[in-house]
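Hi everyone, thanks for coming.

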Amino acid sequence: MRLLGATEVTYTRPGHLGTSELLDQAFKQALDAAGLKASDNDGMGVAYLTHAPDQASDLARRLGLMVGCVRDDSHGGASGLNILQPGNRAVRVGDARRIA
């Protein structure tokens, strides 16, 4: 497994952007950093604490992704780690080639 692109988005209080908008922004910036297009991904993992009622599938649809593998984790701080193993497994068994 390799990390191809990473980013950081700014959150301020009071927040003018909701979680969905921040995730959209982070996704697009990470793709830019990796030199990829959204269509290069066929899987998605989203880690968050406050994204309800939206889920990773909603984010994928909004971004125009056609994904066969989608994983959500809403446990906050450890969420990023929690989605790594299922993403790794999806690539290993052929459910996805690249996970965003």
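Let's start with Asp-24: setting aside its neighbours within four places in sequence, Asp-24 is in contact with Leu-59, Arg-62 and Leu-63, where contact means heavy atoms within 4.5 Å. One of these, Arg-62, also makes a polar contact with Asp-24, side chain to side chain, at 3.2 Å. A polar contact is a pair of N or O atoms within 3.5 Å; within protein, one must be able to donate a hydrogen and the other to accept it, and residues adjacent in sequence count only if both atoms are side-chain atoms.

Quick note on the source: this is a predicted model, where local features need pLDDT of at least 70, side-chain atom pairs count only at pLDDT 80 or more, and totals for chains, interfaces and linings use all residues. Residues are numbered from 1 along each chain as its sequence is written, and side-chain values use heavy atoms, leaving out hydrogens and water. pLDDT is the predictor's confidence in each residue, from 0 to 100, and the protein's mean is 84.

So, is Asp-24 buried or exposed? Buried, because its relative accessibility is 14%, and the cut-offs are under 20% for buried, over 50% for exposed, and partly exposed in between (1.4 Å probe, protein chains only).

Asp-24 sits in helix α1; helices here are DSSP runs of H or I with at least four residues, strands are E runs of at least two, and both are numbered from the N terminus. The buried residues of α1, including Leu-31, pack against β1 and α2. Just after α1, Gly-35 has a positive phi of about 70°.
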